[in-house]
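Here are my notes from going through the model.

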Amino acid sequence: MHNLLSEIRYSTVKLTIFVLTLFFLITLTTIFYNYYRLDSNYKKQVASDATLVINQIDHILDEFNLPMYAAIEELKSSSCDIQEYNLKRVVESSQWFRSLTVLNNGEIICSSFFEPNQYNSDIVGYYTKQKLSLLSSKFLAPQMPIISYRIIRGDWSAFITMHASTFLNILSSTHLSNHGYLIINDDWINTQDQMLSNNRVINDNLLMFASDKYPFKIAFDLNTVTWSEKSIVSYFLLAIILFASFVISLLYIFLTAPRRNFQQALLRNELIPYYQPVISAADQKWCGVEVLARWQHPKKGLIMPGQFIGLAERSKLIIPMTKQLMKIVAENLLANINCLPNPFYIGFNIHSSHLQHHDLIDDCKNFLATFPPNTITLTIEIVESHFVESTNNLPTLLNEFHKIGVTVAIDDFGTGYSNFGYLQKYKIDHLKIDRLFVSRICNTPSETHLIETIISLAKKLNMDLIAEGVETIEQLHYLTRQGVEFIQGFLFSKPIPLNEMLVLLTKPMKRIKPPMIIHQLSFDKKIVKII
Ligand SMILES: Nc1nc2c(ncn2[C@@H]2O[C@@H]3COP(=O)(O)O[C@H]4[C@@H](O)[C@H](n5cnc6c(=O)[nH]c(N)nc65)O[C@@H]4COP(=O)(O)O[C@H]3[C@H]2O)c(=O)[nH]1
């Protein structure tokens, strides 16, 4: 039994862990899936933005080549005096560059911006170090970084200067406008026109893209990107998933709490048997007991079956509960076998699900084997509904019970079923008249006829009758006169714990005599006398 309970506990714990882990994994996967889906979509978006920016900058630089080469060619054949005006016109008409300067053998020949007195090697070196340079302007606009672009044709070369913002504006038009950088050689500038040292920017989350045509790169720093910029939807989705996880976990814990409590009760042996005497109507002596479960709750006290049998059935703990009761009853009664009348009737309520359970027969065999032979009559009480709705294996099962000496009783007989065909179909030993009928004895002729019909039906089918819920002397005598063999009810005793039962067994059962006065009951015009 303990093994079975531990098994149930173990499998429940396993199931709980499994469900929670599964749930946790699903939630986590969903979160990561969404995160990475958004993240990879996001990275794709950044890459496509980067391609657009690079193409646009490449295109602008391409456009510079033509006027620069043209200026070199012009200056090869004419002087700066003549060409200076043209250079200035070219610059004015360009929406991009701010100066155009032509050099020969490294010396400035003509410039749209520099005066001849500024044509020194300092300027030349500064602006023509690289094909493309990012510089802080010395002359153009002191506060604004500039870009210089140089082309070479033989001994001749030319460079233009332009505001870095020309390219930075393009960078700013992307989704990550605030997190973009333009990198020329090793010089970094952000979209706010600030030149930075690269070690302030380099990190693992930096996406960098290089132009194939020109020596520049652009970079986006994803580290500085906030969630809200990535996607407010993903944020919201995460919150919903986490909230749903929380609610479902709470629901799970809340809904499974009664089952867990009951399971704990079984493990702590809080489910105990109470015994209600079954009395022989003929001599009013003990014949046996019906075992009725009680939950001895450590805080709530004694809990009646009406409050937990349903839970035990729903949570599939009714079988372990019955097995545990059988074990306790066997121990209780074996220890006191000498106090018991011989043979002693013991009735257990068996739930219909237990009848499908393959080891019920073994449990009954083991129960009987606990006692010396022929000292105990074990009866399993099955509610009427199970016979009516029974499956095909019921006849086989009933045969098996009879083979091992277990008798079968229909419990709560007559409650709600009008088709009694099953009574002939199955071999049933006892019929327990429900206390509803017993309580109506002598009420009206029709109700009395009903119980008479049940009694005569049981007799015709050779079944022993046990009347449940006998509370009054009138009911007792009426049932005795009708030939009901066994009586159970508060008139003799309520269900009691073992110690009280043992005390009761030592005393002779109180004998209930017929009423001294002739009791007259009037049903319409008939007079019935109960003596
Ligand atoms: N008013 C009144 N009541 C009387 C009188 N004589 C007996 N009773 C009550 O009638 C019920 C008889 O049990 P039941 O019909 O099998 O009905 C049982 C049975 O269906 C179920 N039950 C109890 N123990 C078990 C169990 O171990 N296993 C299963 N499967 N069901 C159980 O719970 C039901 C209720 O059990 P209890 O509360 O113990 O209620 C018991 C008993 O206390 C009386 O004279 N007057």
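1. Start with Asn 374, which is exposed because 10 other C-beta atoms lie within 10 Å. On the scale used here, a residue is buried with 20 or more other C-beta atoms within 10 Å of its own, exposed with 12 or fewer, and partly exposed in between, the C-beta atoms being placed from the backbone. Asn 374 is found in the loop between helix H10 (360–369) and strand E15 (376–383). Its phi is near 60°, a positive value in a residue other than glycine. Most residues other than glycine have a negative phi, and most peptide bonds are trans.

2. Before going further, two bits of bookkeeping. Residues are numbered from 1 along each chain as its sequence is written. This is a predicted model, with local features needing pLDDT of at least 70 and side-chain atom pairs counting only at pLDDT 80 or more, while totals for chains, interfaces and linings use all residues. Helices (H or I, at least four residues) and strands (E, at least two) are DSSP runs, numbered from the N terminus.

3. Lys 316 is another one to look at: its phi is near 60°, again positive in a residue other than glycine. You'll find Lys 316 in the loop between helix H7 (309–314) and H8. Lys 316 counts as exposed because it has 12 other C-beta atoms within 10 Å.

4. The bond from Asn 342 to Pro 343 is cis, with omega near -5°. Pro 343 sits in the loop between H8 and strand E14 (344–349).

5. Now the open sheet: 5 strands, in the order E8-E7-E6-E10-E9, with antiparallel pairing. Two strands pair if DSSP finds at least two bridges between them. The edges are strand E8 (195–196) and strand E9 (206–210), each of which pairs on one side only. Strand E7 (residues 187–190) pairs with E8 over 2 bridges, in the antiparallel sense. Trp 188 stands opposite Leu 196 in E8.

6. Further across that sheet, E6 and E10 are antiparallel and share 5 bridges. Ile 184 has Phe 216 in E10 as its bridge partner. E9 and E10 also pair in the antiparallel sense, over 5 bridges, and a hairpin joins E9 to E10 through 5 residues. Phe 209 is partnered by Ile 218 in E10.

7. What packs on this sheet? Helix H4 (residues 165–172) does, touching strand E6 (180–184), E7 and strand E10 (216–221). Contact here is C-beta atoms, placed from the backbone, within 7 Å. The direction of H4 makes about 145° with that of E6; axes are lines fitted to C-alpha atoms, for helices over the stretch in contact, and angles run from 0 to 180 degrees between N-to-C directions.

8. Which residues of H4 are buried? They are Phe 167, Leu 168, Ile 170 and Leu 171. Seen down the axis of H4, these buried residues fall within an arc of 155°, so they line one face of the helix. The arc is that of the directions from the helix axis to the C-beta atoms.

9. Ser 173 counts as partly exposed because it has 13 C-beta neighbours inside 10 Å. Ser 173 and Val 53 are 120 residues apart in sequence, yet their C-alpha atoms are 8.7 Å apart in space.

10. Strand E5 (residues 156–163) is mostly covered, with 6 of its 8 residues buried. Strand E1 (residues 99–104) pairs with E5 in the antiparallel sense over 6 bridges, and Thr 101 stands opposite Phe 159 in E5. Strand E4 (residues 145–153) pairs with E5 in the antiparallel sense too, over 8 bridges. Ile 151 has Ala 158 in E5 as its bridge partner. The hairpin of E4 and E5 has 2 residues between the strands, and in it Gly 154 takes a positive phi near 60°.

11. Last, the ligand. Of the 23 residues around the ligand, Ala 293, Pro 305, Asn 349, Gly 489 and Phe 490 come nearest; a residue is near if its C-beta atom, placed from the backbone, lies within 6 Å. Strand E12 (286–297), helix H8 (318–335) and strand E16 (407–413) are the elements that give two or more residues to this shell. H8 gives the largest share, 3 residues.

Methods
Two residues are in contact if their C-beta atoms, placed from the backbone, lie within 7 Å.
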